[in-house]
Amino acid sequence: MDKNTFTGLFLILLILVGSFFFLKPNANDPAFKKEQQRQHLDSLKRAGLLKPAAPKTAADTTRPAGVDSALLKSPFGAANYGSTAYTYMDNKDVHITLSNKGGRVYAVELKNFKTFTKKPLVLFSGDGNKFGLALTAGGKAINTNDLYFKSLTTAKNAADTSTTVTMRLSYSATQFVDYTYKLNNSGYKLGLTVKLTGMEGVLANSQALQLDWTASLHQQEKDITQERQFSTVAYKNMSNDVDFLSETKDDKKQIADQKIQWVSFKQHFFSNVLIAPKGFDKVNVASTTNLDSKDVRQMNARFNLIADGNNTYPMEFYFGPNRFKTLAAQGYDLEKQINLGWGPLKLINRFAVLPVFNFLQHFGWNMGLIILVLTILLKLVLSPLTYKSYLSMAKMRVLKPEMDVIKTKVGEDNPTLLQQEYMKLYRKAGVNPLGGCLPLLLQMPIVIAFLRFFPSLFELRGESFLWMKDLSTYDNVINFGFKIPLLGDHLSLMCLLMTASTIIYTYFNNQISGATGQMKYIGYITPFMFLSYLNSYPSGLNYYYFLANMLTFAQQWLIKFLVDDNKIHARIQENKSKPEDKKKKGGFQAKLEDMMRQQQIQQAKKK
C-alpha cells in the first residue's frame, strides 16, 4: 500500500468516526424526544397494549354532528366532546402515557423489565382503566373520567431534574380543575396534585371530593393462575397497619372508621400504589377476577380526598417492582404490602431470612448459589436441634427390643396399660418419647416460612440456574397438553427431585428411628402430597427444599459416626439402675402418665 492510499483511507476513517459523534442526535432535542415517543407508541400498539387514537377529522375541530344542545349547556358541557390525544412523560425507569380523556394515566410501562414473554412490561393500559372525580354540579352527577381535559405546556424545573404536565378541565376561563403530574428524572414515583380553582359556587357546598380508581392489570408472569394467587388490593391506615383483601377469591371491604394513607393494586411482582400524605377517607376497595379475561385481576378503590388547604389535594403514584428494598426506599411503609406470612412466620422472614439473603446478594453470586449458601447457613444454625432429634431417635431404637418384650407380655388388647408400661420403661431409662419430634416441630415454622418467602421474592424473577430458566416460576420440563387432577398440565423436574429426596430422607429416617407397622409407611404419603401441592410453585422454592433434604441427610450421616449405640445402651442401663427418687421426671411425661392412669380407671368403671 503506497503513502497516498494509506492517507486516503485514514481520512475516510476520521470522517466516519467524526460523523458518528458530531451527527449523533441530541437526547435533549424536542424533535428527537418526539420521535422516540412515536416509536414507543408504535411498539405498544403492535404489542396490542395500547389502543390507537381515532384519526382526527374536521368534525373533531368543530361542533360534532348530533350534539345534544342541553348537554352542551350543562356544567362542563363542552368537555363532553373532543378527540383523544396522548401526552408522554419519561425518565430512565418509566414511560407514562397520559390521556386527555379523563386527564388520567392511560398506560404505564416499566423500562427496565420485560414480561415473561420478553414483551414491554405495561402494568395497565386502555379504556378499561378509570380514574375520575365524582362531582355534583347544577344538580347533575359528573365523573371527570368521561370528560376531555386540555393538556397544558410541558415544563421542566430550573435544575432540569423533573418534568411537569398539567391537565385542565375547564368550567369557564376562571373556573377549572387541574391535574398536575410531576415526574423526576429517575424513580418510580409520579406526583399528582388535584387543584380546584373558582369552583366554590359550582360544586355542592357540602360535597366531599370523591375519587374513583379502577384498573385491570395485565398478565406479566408465566402462570396466570399463580400470579392471581399473589395479587390483591393492599392498604395501610394512618396507624401504619397494613391489611389485604383475599388473594384466593373475589373480595371487597368498606373502611369507614379510619383514614387510609395508601391503596395498592398489588400484582405478584409489581404494584400500582396511590399515596396521600394526609390520607383518604371513607374508603371502599374491591378485587374481582374475570376468568374469561387475559388480565390478572380487576381492582377498584373509591374514597374521599382530604384537602391540604386552598382546595389542593396532593398525592403521588408508585408504579414499580415489589422489591423489598425498593419499596422501603419510597417511604410510607410500602414494603409491608409484600406478604411474608403471618405471626412468627412473618418475623422469621422479615428479620432473619431477608437480612441474610440481602447480605449474600452483595457478593454478586448467581441466585442458585445464594440459595445453596443460605440453606447451608440455616442448617448450621439448626444443627443442635438436628443432633438432639437424632440422639433421641437412637435411644428409642435401642429401647425397641425391650418394648417388644413388654408388648408380648401385656398384649395389644389393653392399649392404655401397654402405654403405661411403655412410660415406666421410658422413665427408668431416662428417655423422652417425644424427644425426636420436638426438635423437628421447632424447625417447622422455618420450613413453612420459606413457603411464603421464595414465592414473594422479586429477586428470583428472571434469574436462571442450571435448566431452570426462571427461579420465580415452575420449570415445566414435561408438558402434558392436558390437565391431570392434583398435578396440572405439567411436571416440574425440580419438584420431582425434591419429592425423590423426601422419599430418600423418609427411608433413612425410618432406619434411624426403628419405625415399624403403619408408622413406617405413613411418612411415604407426605412426599406425594408435596408433589401435588408444589408442582406449580417456584422452582427456587423446590430447589431450597431439595437442598434442605440432602443437607439434613448429610448431617444425619455425619452424626451417625459420632453416636455409638452401645454407649447409648450402656447409659440407659446405668440410668435404669438409679433409685426412682433420683430420677428426673419431666412435667409433660408426668401429665401423660396421669392421663393414662385416669383412662384406665374409667375403663375399669365401665367394666
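**Notes on the predicted model**

1. The protein chain's secondary structure amounts to 16 helices and 21 strands; helices (H or I, at least four residues) and strands (E, at least two) are DSSP runs, numbered from the N terminus. This is a predicted model, in which local features need pLDDT of at least 70 and side-chain atom pairs count only at pLDDT 80 or more, while totals for chains, interfaces and linings use all residues. Residues are numbered from 1 along each chain as its sequence is written, and side-chain values use heavy atoms, with hydrogens and water left out.

2. The protein chain has 607 residues, of which 44% count as buried. Buried means under 20% relative accessible area, exposed over 50%, and partly exposed in between (1.4 Å probe, protein chains only). Accessible surface comes to about 31,800 Å², and 59% of that belongs to carbon and sulfur atoms; the areas come from the Shrake-Rupley method with a 1.4 Å probe, and for residues only the protein chains shown count as cover. Among contacts between residues at least 6 apart in sequence, 64% join residues at least 24 apart, contact being heavy atoms within 4.5 Å.

3. Helix H7 (residues 343–361) packs on helix H8 (residues 367–410) at an angle of about 135 degrees, with the axes 10 Å apart. Axes are lines fitted to C-alpha atoms, for helices over the stretch in contact, and angles run from 0 to 180 degrees between N-to-C directions. H7 is therefore oblique to H8: under 35 degrees counts as roughly parallel, over 145 as roughly antiparallel, 65 to 115 as roughly perpendicular and the rest as oblique. On the H7 side the contact includes Val353, Val356 and Phe357, and on the H8 side Ile370, Val373 and Leu374. By class, this contact has 9 nonpolar residues, 1 polar and no charged; Ala, Val, Leu, Ile, Met, Phe, Trp, Tyr, Cys and Pro count as nonpolar, Asp, Glu, Lys and Arg as charged, and the others, Gly among them, as polar.

4. H8 also packs with helix H14 (residues 539–562), at about 40 degrees and with axes 9 Å apart. That angle makes H8 oblique to H14. Residues of H8 in this contact include Gly368, Leu372 and Tyr390, and those of H14 include Tyr543, Leu551 and Lys560. The contact of H8 with H14 divides into 12 nonpolar, 8 polar and 2 charged residues.

5. Helix H9 (residues 415–429) is another partner of H8: their axes come within 10 Å and cross at roughly 145 degrees. Met396, Glu402 and Ile406 are among the H8 residues that meet H9, where Leu418, Glu421 and Tyr426 are among those in contact.

6. Asn304 sits in strand E18 (residues 297–305). It counts as buried because its relative accessibility is 11%. Beyond its neighbours within four places in sequence, Asn304 is in contact with Ala208, Leu209, Gln210, Phe280, Asp281 and Lys282.

7. Two backbone values deserve a look. Most residues other than glycine have a negative phi. Lys282, in strand E17 (residues 270–288), has a positive phi of about 50 degrees and is not a glycine. Leu466 has a phi near 55 degrees, also positive, and lies in the loop between helix H10 (437–453) and strand E20 (476–484). With 63% relative accessibility, Leu466 counts as exposed.
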